[in-house]
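Trainee: I would like to go through the contact between two chains. Can we take it step by step?

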Amino acid sequence: MTEPIEIRGIIEAVSGPTVVATGMRGVKMHTTAYVGNIGLLGEIIRLNGDRATLQVYEDTGGLSTGEEVVCDGLPLTAMLGPGLLTEVFDGIQRPLAEMMTGDDPFIQRGLTITPLDQNRLWTFVPLKKQGDVVETGDIVGTIEETKTITHRLMVPHGRGGVIKDIMRGNVTGSDRVVVFEDGSHMGIFQRWPVRTPRPVKRKLPPELPFITGQRVFDTLLPVAEGGCAIVPGGFGTGKTMVEQAIAKYSRTDIVIYVGCGERGNEITDVLTEFPELMDPETGRPLSERTIIVVNTSNMPVAAREASIFTGITMAEYYRDMGYRVALMADSLSRWAEALREISSRLEEMPGEEGFPPYLGTLLGGFYERAGRTECLGSDSERRIGATTVIAAISPPGGDFSEPVTQASMRFAGTLWALDADLAYRRHYPAVSWETSYSLYYKKLSEWYERDVAPDMVELRGWLMNLLQRESEVREVAQIIGIDALQEADRLILETSQVAREAFLRQSVFVENDAFATFEKQYWMLKVIRAFMDCAEAALKSGSYIDRIIGSPVKSRLLKMQYEKSEGFKDKAMTIIGEIELAFTAEEDR
Amino acid sequence: MDLIRREYSTISGVYGPIVFAQGLVGVSVGEMCQVKIPGDDLRTGQVLELRGERAVIQVLEGTRDIDIVDSSVLPKGELATVTLSTDMLGRTFSGLGEPVDDLPQIIPEQVSEINGLPINPAARDKPNLFIQTGISAIDGLNTLVRGQKLPIFSGAGLPANELALQIVKQSRVSSGEEFCVVFGAMGITSRDAFFFREGLEAAGTMERTVAYINLASDPIIEKLFTPRIALTAAEFLAFEKGYQVMVVITDMTSYCDALRVIGSARDEIPGRRSYPGYMYTDLASLYERAGRIKGRKGSVTVVPIISMPEDDITHPIPDLTGYITEGQIVLSRAMHRKSIYPPIDVLPSLSRLMNNGIGPDKTADGHKELSDQLYASYARGCDVRRMASIVGEEGLSDLDRLHMQFSDGFERTFIGQGEGERTIEETLDVGMKLLEKLPKSELTRLKQ
């Protein structure tokens with residue numbers, strides 16, 4: 001590897017987040033540079049003769065022509081290693097807490113801070129010894145990064161060989177933890193260019209579900225581990241609520257939350273809640289398994305563009321250790337808008353709605369960084385990791401025909417379309433079961449039949465069918481009135497109302513309801529089905545529909561989501577018993 | 001800063017509100033300058049963009065009479081600033097921060113750049129303190145908290161100004177705390193200006209108010225400065241002086257139109273409805289200045305008013321605003337026609353920070369459940385009403401009829417409270433009484 005050469009140029013033009021510099025002959029595309037007297041970080045995005053155009057990751061106010069640009073020839077990288085978890089970074093991986101110099105609550109410009117603390121002491125437990133042969137991706141030892149997560153220290157890309165020396169015990173960022181026979185060495189930190197996917201041995205098919213604990217997702221619209229789900233919705237439909245619910249309750253090892261161009265006050269919510277919320281599995285604070293990358297809407301636009309790449313690079317790093325990682329991106333539309341803003345400053349020919357024509361390509365490249373993979377490393381250390389991407393999208397006016405939603409729908413396997421009408425009536429998660437889909441379901445159905453219950457797939461089909469029939473019956477009712485409907489049709493409306501209120505609606509604010517195990521989901525479905533079957537039988541034997549609607553047992557069903565997941569099966573059996581009793585009694589009358 | 005003021009007679013073009021000048025040595029983006037016109041006319045300008053030799057300057061007071069031969073540009077060597085002091089309270093300024101109330105200039109305690117800096121998300125304090133506005137549709141269903149930005153989406157002829165004034169007058173803070181109002185107006189009519197002045201004076205709030213007023217007849221570029229100046233003043237009062245600041249900004253539609261004028265004068269590629277593609281980022285740089293900061297006493301709460309063209313909530317201005325602010329209060333023409341005041345359409349209205357500000361120690365236990373239930377029942381009632389208009393009331397079931405009656409009552413008594421004020425207890429009480437008319441089995445959201 002040749003040492004990068006420093007190249008110095010002069011600012012010629014400044015427009016919004018872009019700067020043009022001359023005298024830049026020899027610089028490489030997508031390398032970083034320090035712009036102006038205060039040294040704002042920028043990245044080279046266009047070359048033309050000895051002119052280079054840079055996107056600047058900080059506000060360019062105050063820059064003048066004639067100031068210097070210094071290019072160090074390095075790409076935009078993320079620093080990877082222990083200490084990432086619990087931390088909060090901005091879009092270019094500057095730690096926000098460390099940026100609060102003294103008492104200043106505002107972000108000053110031109111600050112350069114190393115993402116990870118070089119001097120922090122870690123306890124390193126070696127797994128290899130002198131003389132062992134290791135290759136890229138092999139785990140040389142572990143560090144307890146948090147009480148929840150053990151950091152597995154991997155041989156960085158392009159290193160490896162016979163270990164000459166390996167440390168034990170206290171290490172810091174400046175230590176040569178492993179020295180190889182050929183004189184090369186590795187420490188606890190490594191850097192990776194954020195725009196390049198980290199390599200894997202091979203990708204694996206999506207066979208396992210990503211468990212969210214949210215009934216409408218797990219039962220109806222699952223996303224596979226290593227898959228992609230997109231959550232488009234107009235403002236106020238609860239995208240952020242969905243993202244946060246999944247960040248809190250999903251069964252995953254690590255969560256990376258990228259607040260891309262979103263609200264500062266909402267990030268405050270995440271920052272204050274996560275250290276207090278306990279992971280139900282480990283009983284430890286959620287923050288111990290979380291990294292937050294945040295570039296709020298008023299922070300510089302180019303750093304917003306970089307934030308999702310910074311996020312996914314960290315996700316891939318933990319995936320490579322063999323962890324299941326969930327990346328929550330909120331929202332990709334803000335990322336696309338940053339791209340559009342920069343593109344228009346470059347005076348590129350716009351594509352649809354002013355977005356650059358390469359929007360789809362970049363989005364596809366991002367989504368494809370998700371996946372369930374076999375990680376790099378020797379065969380004896382076979383590990384499987386996964387990165388699942390849940391991306392919120394904010395279509396203007398809630399109209400899904402816009403380019404970002406449309407491009408995303410081509411790549412993502414699951415669509416959770418949020419519906420303003422459901423949100424207006426405070427039905428959360430406001431996921432429309434009519435427009436949403438999951439392409440993973442077929443592949444996952446084997447798992448459902450094996451790990452949940454043999455008839456789980458059939459029950460799901462029954463529920464989908466019920467909801468579909470409901471919308472048909474509703475159309476008829478709009479014309480002729482509910483009273484004029486056939487009794488069987490009214491029963492469909494009644495049952496689907498129970499399914500919507502009790503099953504599909506779920507409150508993250510109620511302790512017992514926030515996370516539903518698959519067992520609970522299955523048995524809730526069983527109860528609702530029993531209600532419909534018994535009521536149908538009662539109707540056939542001459543009972544009146546009004547009696548069924550007014551039956552007190554219905555309110556039992558409408559409250560069952562507030563029962564604990566543990567032991568729910570017994571509760572469900574009791575309720576089914578009550579249903580049978582109530583409707584047989586109906587028949588006797 | 002240069003000690004010698006340089007003067008450049010190098011204007012090469014004038015285009016709408018924009019002047020192009022050549023060879024300005026050492027000027028920076030965002031720098032303020034003066035444009036000198038023969039006859040001792042000095043105008044204020046700001047450098048927007050630098051392209052090699054050429055600087056793009058927007059002129060605040062308009063470009064009339066500027067010529068290429070005799071006019072000149074004098075860079076000031078500093079970014080746009082505003083002078084700040086607690087003496088601002090009770091005063092009225094122009095949209096550029098000059099006194100317009102026949103009183104002398106204020107003596108500055110501090111001079112700040114009006115663009116401000118983003119608040120570090122790690123320094124933000126959780127907005128969780130309830131503000132009682134006295135308006136049931138807000139307090140009960142879309143609770144406002146300190147540090148929130150909650151816009152009012154209005155339409156031509158709807159009483160947004162009245163509502164904003166009512167919020168300002170009735171907002172309570174606990175004793176011992178200092179409360180003040182920063183009022184920023186862009187492109188409002190003199191009639192509106194009188195309305196606000198009289199309203200604030202009648203409520204005795206005027207001496208706690210700083211007003212920055214750009215009238216509809218004032219130069220368009222000024223409108224881009226007014227909200228930034230108002231918010232800089234608000235940040236100063238809140239984070240330096242410890243005030244609980246309520247910022248009312250009206251009308252954001254005028255602001256966005258000014259943004260569009262500049263964009264088209266700069267030959268930018270337009271976005272939706274020819275508003276600039278960076279409007280989201282630009283609006284965010286204003287709205288996001290709301291908040292609370294750890295270790296500081298004060299707070300900045302922002303209530304912007306937006307007139308939706310053609311009452312269209314998907315228009316780019318309300319749409320982008322809704323994506324930045326923490327909810328919205330939407331006014332309804334239909335309810336206004338039914339003489340319901342305040343005519344708040346609660347279904348599309350939302351306060352994202354509501355859950356932080358309500359509950360046992362703040363408002364009441366069960367507030368959230370009550371609010372959810374009111375929403376669910378009202379939404380159902382509205383559905384029924386729509387159906388009744390097709391099939392007639394005879395086609396409804398008894399339960400549906402009850403829901404329709406509930407919705408009517410809800411609009412008339414809960415939302416339509418008139419101009420009076422309600423405490424949060426009264427608000428919740430009215431809501432509960434309305435729900436009692438529905439059968440218990442329908443109240444699935446309430447804790448029993």
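Trainee: Which residue of chain A does the side chain of B:Arg445 meet in a salt bridge?

Mentor: This is a predicted model, and side-chain atom pairs count only at pLDDT 80 or more. The N to O distance of the pair is 3.2 Å, and the cut-off for a salt bridge is 4 Å. Across the interface of chain B and chain A the rule finds 5 salt bridges. The partner of B:Arg445 in this one is A:Glu501.

Trainee: How much area do chain B and chain A bury between them?

Mentor: In terms of residues, 80 of chain B are in contact with 75 of chain A. Of the buried area, 54% is on carbon and sulfur atoms. The area buried between the two chains is about 6300 Å².

Trainee: Which element gives the largest share of the side of chain B that touches chain A?

Mentor: The interface has 31 residue pairs in polar contact. Elements giving two or more residues to the chain B side include strand E4 (41–51), helix H7 (316–324) and helix H10 (367–391) of chain B. The largest share is 10 residues, and it comes from H10(B).

Trainee: Which residue in E4(B) is the bridge partner of A:Ala13?

Mentor: Strand E1 (residues 7–15) of chain A is joined to E4(B) by 2 bridges, and the two strands run antiparallel. In E4(B), the partner of A:Ala13 is B:Arg51.

Conventions: Residues are numbered from 1 along each chain as its sequence is written. Chains are lettered from A and ligands numbered from 1 in the order in which they are written. This is a predicted model: local features need pLDDT of at least 70, side-chain atom pairs count only at pLDDT 80 or more; totals for chains, interfaces and linings use all residues. Side-chain values use heavy atoms; hydrogens and water are left out. Contact means heavy atoms within 4.5 Å. Buried area is the accessible area (1.4 Å probe) that two parts lose on being put together, summed over both. A polar contact is a pair of N or O atoms within 3.5 Å; within protein, one must be able to donate a hydrogen and the other to accept it, and residues adjacent in sequence count only if both atoms are side-chain atoms. Helices (H or I, at least four residues) and strands (E, at least two) are DSSP runs, numbered from the N terminus. Two strands pair if DSSP finds at least two bridges between them.
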